[in-house]
Amino acid sequence: MPKRFIQKKDSEIRPVACSEYNANLQIEILNIDITNLIEPVLDIGCGKKGNLVKFLQKHGIRATGIDRFTISKSNLTNADWLEFDFGTEKWGTVISNLGFSNHFIHHNLREDGDYANYAKKYMDILKSLKSGGSFHYAPNLPFVEIYLDKKQYMVRTYDIGDFDYQACVITKL
Ligand SMILES: C[S@@+](CC[C@H](N)C(=O)[O-])C[C@H]1O[C@@H](n2cnc3c(N)ncnc32)[C@H](O)[C@@H]1O
């Protein structure tokens, strides 16, 4: 498991932002090509409304989302990502915009953070990808990505405008 790379006092750590973004913006940030998405798609921390899930479904893509604040109906499920069973070699594409990785960073910085559980869940998410499938997320997690086995995973990162963090796409080889 990766070590925590920075220790900060809790008072120095910003709270995690909690807004929902439109589907087109998420697609652009996360380098998603909807004409070339491997199904099924899971959006982790999809937001209460599940904007991206609904957008993908409208385009005929099998997509589902989980969020702790959504109401379970059709393809949205009320669930905590730390308790969710992602399965094994189940998803063609996993997406998380300003969701799981943002909270992972927050917990990695907090003195009392649950970073070990986040690291374990991150590996569970990667195991849940089908061969050739990808996990698209932002912000990226450089302190974890450097430990991934290059024979098993291809890691690509992308700048996002002038932001000081990047988006990441991990593909299971
Ligand atoms: C910044 S919002 C982003 C929502 C969406 N991905 C978007 O880009 O519009 C982060 C989301 O993560 C969800 N979230 C936070 N902690 C969670 C947890 N432990 N399990 C499931 N969802 C969680 C929040 O409810 C919120 O909807």
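**Terms and model**

I take buried to mean under 20% relative accessible area, exposed over 50%, and partly exposed in between, with a 1.4 Å probe and protein chains only. By that scale I looked up Tyr137, and at 0% relative accessibility Tyr137 counts as buried.

I note that this is a predicted model, in which local features need pLDDT of at least 70 and side-chain atom pairs count only at pLDDT 80 or more, while totals for chains, interfaces and linings use all residues. Residues are numbered from 1 along each chain as its sequence is written, and side-chain values use heavy atoms, with hydrogens and water left out.

**Entry 1: the chain as a whole**

I counted secondary structure as DSSP runs numbered from the N terminus, with helices (H or I) of at least four residues and strands (E) of at least two. The protein chain has 5 helices and 7 strands. Along the sequence I read the order α-β-α-β-β-β-α-α-β-α-β-β. The chain has 173 residues, and 47% of them count as buried.

**Entry 2: the ligand**

I found 18 residues around the ligand, the closest being Tyr21, Gly45, Asp67, Trp81 and Asn97.

I then sorted this shell by class: Ala, Val, Leu, Ile, Met, Phe, Trp, Tyr, Cys and Pro count as nonpolar, Asp, Glu, Lys and Arg as charged, and the others, Gly among them, as polar. The shell holds 8 nonpolar, 6 polar and 4 charged residues.

Next I looked up polar contacts, that is, pairs of N or O atoms within 3.5 Å; within protein, one atom must be able to donate a hydrogen and the other to accept it, and residues adjacent in sequence count only if both atoms are side-chain atoms. Gly45 places a backbone N or O atom 2.8 Å from a nitrogen atom of the ligand. Trp81 has a polar backbone atom 2.9 Å from a nitrogen atom of the ligand. On its own the ligand has 590 Å² of accessible area, and the protein covers 98% of it. I note that accessible areas come from the Shrake-Rupley method with a 1.4 Å probe, and that for residues only the protein chains shown count as cover.

**Entry 3: helix H4**

Does the span of H4 agree or disagree with what its 13 residues should give? The expected span is 1.5 Å times one less than the number of residues. For H4 (residues 115-127) this should be 18 Å, and the end C-alpha atoms are 18 Å apart, which agrees.

Which residues of H4 are buried? I list Tyr118, Ala119, Lys121, Tyr122, Ile125 and Leu126. Seen down the axis of H4, the buried residues fall within an arc of 165°, so they line one face of the helix. The arc is taken from the directions from the helix axis to the C-beta atoms. An α-helix has 3.6 residues a turn, so residues three or four places apart point the same way.

**Entry 4: backbone exceptions**

Most residues other than glycine have a negative phi, and most peptide bonds are trans. I looked up exceptions to both.

The loop between helix H1 (23-29) and strand E1 (41-44) contains Ile34; Asn31 and Pro40 lie in that loop too. Asn31 has a positive phi of about 55° although it is not a glycine, and at 36% relative accessibility Asn31 counts as partly exposed. The peptide bond from Glu39 to Pro40 is cis, with omega near -10°. Ile34, at 25% relative accessibility, counts as partly exposed.

Glu89 lies in the loop between strand E3 (76-78) and strand E4 (91-97). Its phi is positive, near 45°, and at 53% relative accessibility Glu89 counts as exposed.

A cis peptide bond also joins Ala138 and Pro139, with omega about 0°. Pro139 lies in the loop between strand E5 (129-138) and helix H5 (142-145).

**Entry 5: positions apart in sequence**

Tyr137 is found in strand E5. Tyr137 and Leu30 are 107 residues apart in sequence and 6.2 Å apart in space, C-alpha to C-alpha.

His103 is found in helix H3 (residues 100-109) and, at 15% relative accessibility, counts as buried.

Conventions: A residue is near a molecule or strand if one of its heavy atoms lies within 4 Å of it.
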